[in-house]
Amino acid sequence: MPAPGESPSLLSPVPDDDGAPFWEYAAQGELRVQACADCGELRFPPRPCCPHCQSFASEWRLMSGKGRIWSYVVPHPPLLPAYAEQAPYNVIVVELAEAPHIRLVGNLVSGADASLNSLPPERVRIGAKVQVVFGSTGLPQWVRERT
Amino acid sequence: MPADEIAMLARRYMHEYGATRDHLFNVALACRNRANQNPAAMMYERPLTREMYMTSRWISEPLCLFDNCLETDGALACVIVSKERARDCRNTPVYVHSAAQGLPAQHHGMVNYWNDDPLTGPAWTAARHLWKQADFGPHDVDVAQIYDAFTALIPLSLEGYGFCGRGEGGAFTEGGALEMGGRLPLNTSGGGLSEAYVHGFNLINEGVKQLRGTSTAQVPDASTCLVTAGEGVPTSAILLRN
């Protein structure tokens with residue numbers, strides 16, 4: 001469901017069978033990453049087989065939701081209309097504290113359900129510590145970690 | 001969307017290794033200068049200056065307009081026959097000395113952010129196989145046609161194919177290295193950035209022209225040419241020789 005005041009035409013995730021649990025946990029406010037139930041290795045994006053030990057047994061492990069900004073971009077129009085309205089905004093790739101090789105794409109925002117452009121792009125820094133938040137869309141977003 | 005994906009790698013690359021927008025400009029300028037020599041290039045009569053580059057509009061920061069390739073409707077062909085048959089053809093044959101495809105283990109989708117170092121992409125994988133089959137190395141390459149949908153792919157590819165070390169791709173572009181008479185003349189038809197973007201196919205044809213001696217920006221006595229597909233995404237490369 002779109003948040004109040006948010007354009008309804010922002011894109012929503014299209015889950016596949018392997019990735020559906022990720023979005024179901026996200027809707028409950030949990031960041032969980034698929035892990036091998038045999039060797040314990042985390043993997044992303046979700047897929048049937050462990051690249052480490054080839055086991056097909058998997059589980060969804062709860063993450064702390066902490067990470068660091070690995071890189072970021074600032075897209076400019078032409079963009080889809082709902083995104084063009086909010087441009088320029090940041091898009092960040094976050095490496096997770098528990099597993100730096102697992103990187104999630106999102107936006108650094110001022111709080112849950114805030115707009116994509118709620119923080120000025122010049123506030124974004126590679127290496128900055130961030131914390132996941134979930135708004136009413138169920139999409140993981142990121143805020144600066146409070147220390 | 002691909003611009004954003006590559007911009008993400010570019011930003012990280014600049015952060016990690018100190019590459020600058022001037023390095024990306026060096027790539028854009030080399031391609032544009034060659035296009036200015038090529039009457040068939042879309043940008044034939046459109047010179048590029050540093051001022052134009054630095055003040056152009058953003059596409060996806062840190063990539064600006066001139067870091068992005070053209071959009072082109074075009075068609076090209078390449079006829080491949082056996083060595084024996086080629087001897088009887090009217091045009092001087094150019095030989096495929098080595099060919100390789102590259103996809104690192106567990107690579108997903110286009111750009112893969114989920115390995116230990118996303119800046120070490122498929123070019124490294126393709127390069128291993130490419131050079132293994134060749135009887136010459138990167139330092140023997142006279143001219144290169146490197147896939148340039150985005151300028152930032154060039155420093156990454158220069159590293160991946162062994163022309164310089166990790167993190168040195170930006171600095172490699174300094175001092176006119178990619179220009180005529182430089183260490184490695186690049187995309188001598190203008191490439192995807194300034195001749196035409198035909199998914200890189202024009203790079204193959206330009207490689208053939210160089211080794212036939214018929215390029216509009218001819219490298220004197222060119223006898224070896226590297227042609228690559230994109231870095232960051234599943235890729236391939238060939239070495240041509242005459």
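Predicted model: local features only at pLDDT ≥ 70, side-chain atom pairs only at ≥ 80, totals over all residues.

Me: Why is Glu159(B) called buried?
Reply: The relative accessibility of Glu159(B) is 4%, and buried means under 20%; Glu159(B) therefore counts as buried. Glu159(B) belongs to helix H6 of chain B, residues 153-160.

Me: Which residues are in contact with Glu159(B), leaving aside its neighbours within four places in sequence?
Reply: With those neighbours left aside, the contacts of Glu159(B) include Tyr13(B), Trp124(B), Cys164(B) and Arg166(B).

Me: Why does Gln106(B) count as partly exposed?
Reply: Gln106(B) has 38% relative accessibility. Exposed requires over 50% and buried under 20%, with partly exposed in between, so Gln106(B) is partly exposed. Its place is the loop between strand E3 (95-102) and helix H5 (122-132) of chain B.

Me: What makes Asp221(B) exposed?
Reply: Its relative accessible area is 73%, and exposed means over 50%; Asp221(B) is therefore exposed. Asp221(B) sits in the loop between helix H9 (201-212) and strand E5 (224-228) of chain B.

Me: What is the phi of Gln106(B), and what is that of Asp221(B)?
Reply: Gln106(B) has a positive phi of about 65 degrees and is not a glycine. Asp221(B), also not a glycine, has a positive phi of about 55 degrees. Most residues other than glycine have a negative phi.

Me: Which peptide bond of Pro78(A) is cis, and which of Pro88(A)?
Reply: The bond joining Pro77(A) and Pro78(A) is cis, with omega about 10 degrees. The bond from Ala87(A) to Pro88(A) is also cis, with omega near -5 degrees. Pro78(A) lies in the loop between strand E3 (66-75) and helix H2 (81-84) of chain A, and Pro88(A) in the loop between H2 and strand E4 (91-96) of chain A.

Me: In what order do the four strands of the open sheet in chain B stand?
Reply: The order is E3-E6-E5-E4, and the pairing is mixed.

Me: Why do E3 and E4 of chain B stand at the edges?
Reply: Each has a single partner strand, so one side of each is left without a neighbour in the sheet.

Me: How do you know that E5(B) and E6(B) pair?
Reply: Pairing requires at least two bridges, and five bridges join E5(B) to strand E6 (residues 235-241) of chain B, the two running antiparallel. Thr228(B) stands opposite Ala237(B) in E6(B).

Conventions: Residues numbered from 1 in each chain as written. Chains lettered and ligands numbered in written order. Heavy atoms only, no water. Buried < 20%, exposed > 50% of the residue type's maximum accessible area, 1.4 Å probe, protein only. Contact = heavy atoms within 4.5 Å.
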